[in-house]
Amino acid sequence: MILRTFKKSYLPQYFFLLLLSALLWAGAFISPPLAAAADNAYLHPGYTALLNILGDNPYILVSAAMLVMLASALVFNFTLEKNGLSGANSLIPAMIFILVSGLFPSLQTLHQAVVPGFFIIIVLHHVFDILTEEEPYPKVFNAGFYIAISSLFYFPSIVFILFVWFTFIVYRLYSWREWVILVFGFLTPYVLLWGYFFWTDELTMACSAYGEYFRPKTRYDFGAALTLLNYFSVGLAVLLFIRGFFVQLVSMQENVISVRKRFWAMILFFFISLASFVFSGSLAQFHVIFIQIAAAMIIQGFMYNLSRYFLTELMLWLLVVLMAANNFYVAFRGL
C-alpha cells in the first residue's frame, strides 16, 4: 500500500506525503523540543542569525524545521530521480527521507544541522551532475560554495569537502583544476565572512573560536535519550538499510557505469557521515542528520523495482507505527 501509493508522483501522492509528515511531526507540535542555542556564534553565524530572526517561540521553530525537512525531501527526490538512482516519476525517495528524518523526536525542531542538511543535498545534486559534464567547473565551484554555506549554520559540515575529493577519485577526475576550484568555491563565503569580522574588529575572537574547535575533544556524545520504541524503529531502519545495500550491490552490474559510480559516491557519503559522527563530540546528536540522508539514499534504492511487496510493505508499516507511537509517547511524557 505505501510503496504502491508513492510509486507515482501526482497531486494525491503529495497530499499523502504531507499527511505522513503531519503524523510523524504531530508529537513535536504537542510538546515542542527545545532548540539548542549555537555553542559559538562565530562558528555558526548563520544559525545564530536565523534564531535571532525567528525568535524563541518553540512552535515557530518546529514549523520552520518541518518546512525545511519537506523542502529537503523534495530536492532529495528530484536529485535521485534525475541521476538514475531512483524510479522515474516516483515519490518513494521523498517518503523514505521523511520516514528516516523522523526517527528521533528530539531533533524535530530547528537544530543546528537542519538547514545544513538541505544544503548538503544540493551538494549531492551538483556532485552527481559532475560525472556527465565535459567541463564541470561550475558544478565543482557550487559544491564547494554550498558546503561553505552549510558550515555557516553547522561548522562540522566542512568535512564534506573530503566527500567531494574522494568522489573525484571514484569519477577518475585527476585534473588539478577541479580540486582547486572546489577550494575556491568553499573559500568564497568565508572571505566575505572574515571581511565582516575584520570590519567589526572581531577577527581575533573569530580565529580563537575556530582554533578552539580544532583542539582535541571528547569523541561521540549523542546526548539524546532513546526510548525502547526508538531502539526498535532504529533497528528496523538498519535492517532496511542492510537489505537496500545488498540488493543494489548484487544488481549493480546491470546498471550503466554512471549509475554505478554514483552508487559508490553514495556509499562514500555514508562512510564519511558515519566517521565524522564518531568525532563530532557534543554535536553528535545534530550530526546524525547526515547519516539519515545517506541511509535514506540507500534504503529507497531497491524499492521501485520490487516484484514482491509484502515483506517491504510490512516493514514500512511497522516502522511508521513504531515511530508515530514513539513520537506521541515522548510528546505526552513531556507535558
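Let's start at L99: setting aside neighbours within four places in sequence, L99 is in contact with L20, L24, L316, L319, V320 and M323. Keep in mind as you look around that this is a predicted model. L99 also belongs to the largest nonpolar core, a set of 116 residues, where M95, I96 and L99 are those with the most contacts inside it. Which helix gives this core its largest share? That is helix 13, which supplies 13 residues.

The axis of helix 13 (residues 284-300) comes within 9 Å of the axis of helix 12 (residues 257-278), and the two cross at roughly 160°. Angles over 145 degrees count as roughly antiparallel, and helix 12 and helix 13 are therefore roughly antiparallel to each other. The crossing of helix 12 past helix 13 is left-handed. As for who meets whom, helix 12 brings F263, M266, I267, F269, F270, S273, L274, S276 and F277, while helix 13 answers with A284, H287, V288, F290, I291, I293, A294, M297 and I298. Sorted by class, that contact holds 15 nonpolar and 3 polar residues, with no charged ones.

You'll find S157 in the loop between helix 7 (137-153) and helix 8 (160-171). Is S157 buried or exposed? Its relative accessibility is 0%, so S157 counts as buried.

Methods. Residues numbered from 1 in each chain as written. Predicted model: local features only at pLDDT ≥ 70, side-chain atom pairs only at ≥ 80, totals over all residues. Heavy atoms only, no water. Axes fitted to C-alpha atoms, helices over the stretch in contact; angles between N-to-C directions. Helix = DSSP H or I, 4+ residues; strand = E, 2+ residues; numbered from the N terminus. Parallel < 35°, antiparallel > 145°, perpendicular 65-115°, else oblique. Left-handed = near helix turned anticlockwise from the far one by under 90°. Contact = heavy atoms within 4.5 Å. Nonpolar A, V, L, I, M, F, W, Y, C, P; charged D, E, K, R; others polar. Core = buried A, V, L, I, M, F, W, Y, C linked by side-chain atoms within 4.5 Å. Buried < 20%, exposed > 50% of the residue type's maximum accessible area, 1.4 Å probe, protein only.
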